[in-house]
Amino acid sequence: MATEQPDTFDEVNWESVRSSSGIVNLALKTKLMLITTLPLLALWLYDRVAVGQREKTFVQLGKDLGLSGPFETLGLTWNPAGLDYIFIFTIFLFAFYMILPLYENPRMTRYYWKEFKRNRPAVVSLVWLAFVFVVGIIGPLFIDKPEPDILKSFQPPVYATVDTANIVQCVGEASGGTCQGTWQHPLGTTGSGRDVLAFMVHGTTITMKIAFITTLIVALIGISVGTISAYSGGWVDETLMRMTDIVLAFPTLIFFLMITYIYGASLGLFIVIFATFAWGGAARYIRSKALSVAEEEFIDATRISGASRYRVVRRHIVPNTASSIITNLTLLVPGFLLAEAQLSFLGLGDAGLLSWGQLIASGRSSLEYAPWIILAPGFILFFTILAFNFLGDALLDALNPEAESEAEK
Amino acid sequence: MSVNDNLLEVKNLTTEFRTDNGMLTAVDAVDFSIGEGETVCIVGESGSGKTVATESITGLVKEPPGKVSGTVELEGKDLQSMNKKELRQVRGDNIAHIFQNPQEAMNHCYSIGWQITEALQVHQDVPDDEARKRGIDLLERVGLANASARFDDYPHELSGGQKQRAMIAMALVGNPDLLIADEPTTALDVTVQAQILKLLNELQEDYGMSILFVTHDLGVVAEIADRVVVMYAGKVMERGDVFDIFEEPSHPYTQALMECIPDKGRETDGIPGTLPNPYNTPDGCRFAPRCDHANEDCTIGDQPEEIEIERNHEVSCVYYQSGYDSSVVRDSELESDSSSTEMGATDD
């Protein structure tokens, strides 16, 4: 601080100001994130340490508190695996770093919404994705996992019929050689007798997991590599970009098949392998945007105010490339969803997984007389992917402050 | 003023850039100093290395391709030998910078209030509400009307002059000892320009800070400077008190610059010729190829030593060395070169 400070400016008592604690200055979103993530982390660690005892602990806890019943309705007996923890973590991230800032800054939100709603298909898409999101989060809590029941195989959807020759037993009314669908299975059942609707609800969760976790991984690596490489330049840039080249040239599918062959297919494996080799395009795209931002004078202005390299990248370069990042990631998600469905259809996925892809795959051989097994998830998958694409397109228009300020000039 | 009183002491500052065409020397062995509470103007036409010189002081020049040598001492501490952390501390705490184009020097993603408080909170653990209060006070001080409402405005919602005021607030929030102003009025219209200069003068008195002011506009220099450093092609041509420079411009280049000040009823032709090729600077005086008085001695050896022609007034011209008649350049001003018709590199 300067030695002489005139009275006109001495209203702030710097000593008292400086002694205040640092945690007060944390943004609300960071606080909320810490509050929610730390218990999650603790739970995960406990899970790791006390393998086998955890179930008992929960049951005991439920008994002690007299909450066994409500606990179960809340889905707390559900057995979280590693992937579930990451999924919950990404949802926290999404809530506190996407939704909360929109709520905290209603003026910008109104502005974005004004821009966004010009695009009608995108609004419909947003509603659809919100629906998918909600179903994916809370659906499994209300709808049980569909259990196979061979006696109930190939039950038709409500108002539809199927030839009794193809089924073992008809749940609804059978007359004249055809079986009527019932409300018990509104969308029919699969060949193994699983309820299609319940299957799809659980499949929605899987879809959400794929969308959120891959986005997290791709965003983390892609944004870091892209912005750091653009801002640093020199050998850092060179190294990171050659790494990106390698990742882009990597035969991910073959690698995935090889790993699947050795360890068996699982959703976690699919997500990790496909996401860790998918950030190349995003990193390159983000770098190209960040390069032009890094040349801007306000970056110099920030450096001259003493900001660290991390701060410049995190607070100034990333937000200024955010529109490209969000758009790019939104358009990347459908690729993963499609890839999962395709691999499942080819029988290269985890057959025990309740994903839309597996549902489609299970209807493969009975398409002739039980098309509902493929049609229902097929349409849902189609609309979801279409919705992501429309959304990405509309976000590009709505979130681009540069285009806006240029138009004003 | 003794050397020890100086806030900033720049010695032998040289900045080179490695380019595809070879080494480019943008600033060549420049010395200058700034005392406490003093305003020093660096003047010169575009491309003479003024901006690079200021950027070299604060370490904004990217290395590589840039290469800065020489010493820059702020309050006796050498900035060049500091590590990144110390340098970050100096930036913002001791030195602040305002830029030519406030449009580009602001982040459009954040409100001006956010950016002002950021500059403060980078260094000091100040709670948000205190930072906000101080930010609003500052905005009021720099003359932004309705500051508390404007605090949450985004840069695109402000006019050019308002933005420059906000930029100044951003620079001042850390209460710097030295403010580097790189052509802060060039992008503004004349009336706003005058207001900003007046504001800077007032703020300097309030805060007792020093200002390093970079400009090509001698009108602005007359307005604000205590001392002037005239730069050309990376070299210092002349330096001295603002009155000496205006009363008695002694280097032919300074005289030529004075000629370029637009005035009622007088046409200005600019200075004939262009800046020398920075990859291959001419021998002798840098200005010799465009100088009306150049003789063969002007084109050999190095840039002439700076000669102190009166107290605190130094000129780098052979005509002031012993054995030359300095009246050749002294008396020639203002009437000799009305004949030149060729339009040269006019100052923008």
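Predicted model: local features only at pLDDT ≥ 70, side-chain atom pairs only at ≥ 80, totals over all residues.
**Entry 1: Ala233(B)**

I started at Ala233(B), which counts as buried because it has 25 C-beta neighbours inside 10 Å. I looked up where Ala233(B) sits, and it is in the loop between strand 9 (227-232) and strand 10 (235-241) of chain B. Its phi is near 50 degrees, a positive value in a residue other than glycine. I flagged that since most residues other than glycine have a negative phi.

**Entry 2: Asn12(B)**

I went on to Asn12(B), where phi is near 55 degrees, again positive in a residue that is not glycine. Asn12(B) belongs to strand 1 (residues 6-19) of chain B. Buried or exposed, I wondered about Asn12(B)? I counted 12 other C-beta atoms within 10 Å, so Asn12(B) is exposed. Ala233(B), by contrast, came out buried.

**Entry 3: Met170(B)**

Next I picked Met170(B), in helix 6 (residues 160-172) of chain B. Met170(B) is buried because 31 other C-beta atoms lie within 10 Å, and the cut-off for buried is 20 or more. Which residues does Met170(B) contact, leaving aside neighbours within four places in sequence? I found Gln115(B), Ile116(B) and Ala119(B). I also checked Thr117(B): 53 residues separate it from Met170(B) in sequence, but their C-alpha atoms are 7.9 Å apart in space.

I then listed what Leu178(B) touches, not counting residues up to four places away in sequence. Among them are Leu7(B), Leu8(B), Ile34(B), Leu74(B) and Ile95(B), along with Asn94(B) and Ser210(B).

While in chain B I looked at helix 10 (residues 252-259), which is mostly covered, with 7 of its 8 residues buried. The buried set includes Pro252(B), Tyr253(B), Gln255(B) and Glu259(B).

**Entry 4: chain A overall**

Over to chain A, where I get 17 helices and 3 strands. Of its 409 residues, 33% are buried. Taking contacts with a separation of 6 or more, 70% are between residues 24 or more positions apart.

I checked the UniProt record, an unreviewed entry, which annotates "transmembrane region" at several spans of chain A, including 26-46, 210-231, 317-337 and 369-391. I compared two of these with the model. Residues 317-337 are 100% helix and 0% strand, with the end C-alpha atoms 30 Å apart. Residues 369-391 come to 87% helix and 0% strand, and their end C-alpha atoms are 36 Å apart.

The unreviewed entry also lists "domain: ABC transmembrane type-1" for residues 204-392 of chain A. That span is 83% helix with 0% strand, and its end C-alpha atoms lie 20 Å apart.

**Entry 5: helices 14 and 16 of chain A**

Last, a helix pair. At what angle do helix 14 (residues 309-345) and helix 16 (residues 372-398) of chain A pack? I get about 170 degrees, with the axes 8 Å apart. That makes helix 14 of chain A roughly antiparallel to helix 16 of chain A, since angles over 145 degrees count that way. The residues of this contact split into 13 nonpolar, 6 polar and no charged. On the helix 14 side I noted Ile326(A), Thr330(A), Pro334(A) and Leu338(A) among them, and helix 16 brings residues including Leu381(A), Ile385(A), Phe388(A) and Gly392(A).

Terms used. Residues numbered from 1 in each chain as written. Chains lettered and ligands numbered in written order. UniProt positions renumbered as here; feature names shortened; annotations may be inferred. Helix = DSSP H or I, 4+ residues; strand = E, 2+ residues; numbered from the N terminus. Axes fitted to C-alpha atoms, helices over the stretch in contact; angles between N-to-C directions. Parallel < 35°, antiparallel > 145°, perpendicular 65-115°, else oblique. Contact = placed C-beta atoms within 7 Å. Nonpolar A, V, L, I, M, F, W, Y, C, P; charged D, E, K, R; others polar.
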